[in-house]
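Reader: Can you walk me through this one? I'd like the main features, quickly.
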Amino acid sequence: MPKRLRTSSGGSDVVGLWNREVGEVPPRVFAQRFKASEDLVLRLDIYNKLQKHRGCVNTVSFNVVGDILVSGSDDRMVMLWDWDVGRVKLSFHSGHHNNIFQAKIMPYSDDRSIVTCAADGQVRHAQITENGTVETTMLAKHEGRTHKLAIEPGSPHIFYTCGEDGLVQHFDLRNETSTELFTCESSLNKSRYTSIIHLNTIAIDPRNPNLFAVGGSDEYARVFDVRKYKWDGSDTFGEPADCFCPPHLIGDGQVGITGLAFSDQSELLVSYNDEHIYLFTKDMGLGTDPVPASPSSIESNFSGVAHDPAMATSPSSNEADERSGPQVYKGHSNSDTVKGVSFFGPRDEYIVSGSDCGRIFIWRKKDGELMRVMKADKHVVNCIEPHPHDPLLASSGIEHDIKIWTPRASNKASLPISVEELKERKENYSYHPFAPPHELMLPFFPLQRHRSRSLPGSEDDMVSGTALLELIMSFNDSSGGSSGDDDGDSDGDEDDNSSDNTVSDTCRVN
């Protein structure tokens, strides 16, 4: 008899199977419980490696059925995979001039309609014809890199994009038009040199597709209601319906948001750079303009109860206030690239994210407990994509392959080393093998020059920036050698040509 598995509800599979057979538990409920089993999470292991790209893989996504995986890379190629056998079904050039950041198959399109966005700012549509050829067209363009797009759930026509220019656009493939909804600006922090928020991510609420959230170069995740937009252009649409932020990060000019995701219960998951991941429920919103709120009133909003001095002395009330704040997920490192974050499980029982240490982190959603730390890349893991129906994952990062993870391991995994040790290893890690320091800095200077035009003393800033670049280049010329990944593995098989671009192009600048 196989080993007994423990379901997420705490009962054994033997009892659960008996209850299903006698009709006490519907088969669909039994299947959901089994797929959410912690035992399956602890047995996740690499099932397949998909190796055809010649650059870092920045995006992976399943179709609605889940039998096809689409990927996009620094090599500007889009590939459709039969991930089960590891075979490329179709490969084509996207038409982009720079690294692809997102590629998705439009639902209910017979897997023939694919939308992409990239570092060149373009938003493109690829259509696969009956004879297998691919026709690509540019739908619109952002001023700056375009990291993410979001498809309206169940729609083969509607999707949104956001870019580093702060612009959010709405697309309808039926007439191949785009509508510029608004440019995301902040009136919340007057000390910044510009009010435009450089957007990294966008997500749509699957329970209410009229709501979408954006996040970028400041601390707030903003939720907008597209129903407030006047499609005749007669009104300005740009005020959020709600804002979300952990109380201790309000006013912190050093953090930004790299990843967003909505659960099927309309919970909002927010991943911050150089910080943690937080889970917000609807009642944790700060409103359209959280500036007037004091820290004490903000904490009171999160607790959901009015402040009462008598209650403040009660240990039980303090514990309740702590529990009512956003759930936090700690341990991973999110500093070097724009990383996504996702839910995992049939009812979003887990949280998954990549990390700068080259590992996948999996937490239990309800209490934030770290369940798994899996080695997935020699450098950085950026993308984790759960399968739409089955308990499996696809991951990608700086390496040129895609890894498929299924619960196939014979033994359950345990956390091999402490999270603190992972962090220490990351701090000592060098990226020299695939991007020398001067190449890492080059993309930053055009942005700095663009920003400095509106600042006093801009000429001095540009001179100092040039001097700094020369210093970095001279240091690089006088130093040699490189270090391997944090486990000491060598990476002699890497294609240095294509990976040089990736770290520089995906690094974010606050």
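**Walking through the model**

Author: Start with residues 50-82. Their end C-alpha atoms lie 9 Å apart, and the span is 55% strand and 0% helix. Keep in mind that this is a predicted model.

Reader: What does the UniProt annotation say about residues 50-82?
Author: The unreviewed UniProt entry annotates residues 50-82 as "repeat: WD".

Reader: OK, cavities. How many of 30 Å³ or more does a search of the whole structure find?
Author: The search finds five. The largest cavity has a volume of about 120 Å³.

Reader: Which residues are closest to the centre of the largest cavity?
Author: N58, F101, H147, K148 and V338. They belong to a lining of ten residues.

Reader: How does that lining divide into nonpolar, polar and charged?
Author: Three nonpolar, six polar and one charged.

Reader: Switching to aromatics. How many aromatic pairs does the structure hold?
Author: It holds 15. Take F182 and F237 as one of them: the ring centres are 5.5 Å apart and the planes stand at 85°, so this pair is edge-to-face.

Reader: Where do F182 and F237 lie?
Author: F182 is in strand β13, residues 177-183. F237 is in the loop between β16 (221-225) and β17 (242-244). The pair therefore ties together parts that are 55 residues apart in sequence.

Reader: Why does F182 count as buried?
Author: Because its relative accessibility is 6%, and the cut-off for buried is under 20%. F237 is buried too, at 5% relative accessibility.

Reader: Give me another pair. What about F244 and F280?
Author: Their ring centres are 5.7 Å apart and their planes are at 55°, so that pair is tilted. F244 sits in strand β17 and F280 in strand β20 (residues 277-280), so the pair ties together parts 36 residues apart in sequence.

Reader: Are F244 and F280 buried or exposed?
Author: Both F244 and F280 are buried.

Reader: Which residues do ring pairs link into a cluster?
Author: Y160, F182, F212, F224, Y229, W231 and F237. So F182 and F237 turn up again here, because their edge-to-face pair belongs to that cluster.

Reader: Back to β13. In what sense do β12 and β13 pair, parallel or antiparallel?
Author: Antiparallel, over six bridges. Strand β12 covers residues 167-172. H170 has T179 in β13 as its bridge partner.

Reader: How many residues sit between β12 and β13 in the hairpin?
Author: Four. E176 in the turn has a positive phi of about 50°.

Reader: Positive phi, then. What is the phi of S266?
Author: About 65°, although S266 is not a glycine. S266 is found in the loop between β18 (257-262) and β19 (268-272).

Reader: Is S266 buried or exposed?
Author: S266 is buried, with a relative accessible area of 5%.

Reader: And what is the phi of D274?
Author: Positive as well, about 55°, and D274 is not a glycine either. D274 is in the loop between β19 and β20.

Reader: What is the relative accessible area of D274?
Author: It is 49%, so D274 counts as partly exposed. The cut-off for exposed is over 50%.

Definitions and conventions
Residues numbered from 1 in each chain as written. Predicted model: local features only at pLDDT ≥ 70, side-chain atom pairs only at ≥ 80, totals over all residues. Heavy atoms only, no water. UniProt positions renumbered as here; feature names shortened; annotations may be inferred. Helix = DSSP H or I, 4+ residues; strand = E, 2+ residues; numbered from the N terminus. 1 Å grid on protein atoms, 1.4 Å probe; cavity = no way out; pocket = protein on both sides within 12 Å on 5 of 7 lines; lining within 4 Å. Points joined across faces, edges and corners; volume = space filled by probe spheres on them. Nonpolar A, V, L, I, M, F, W, Y, C, P; charged D, E, K, R; others polar. Phe/Tyr/Trp six-rings, centres within 6.5 Å; stacked < 30°, edge-to-face > 60°. Buried < 20%, exposed > 50% of the residue type's maximum accessible area, 1.4 Å probe, protein only. Pairing = 2+ DSSP bridges.
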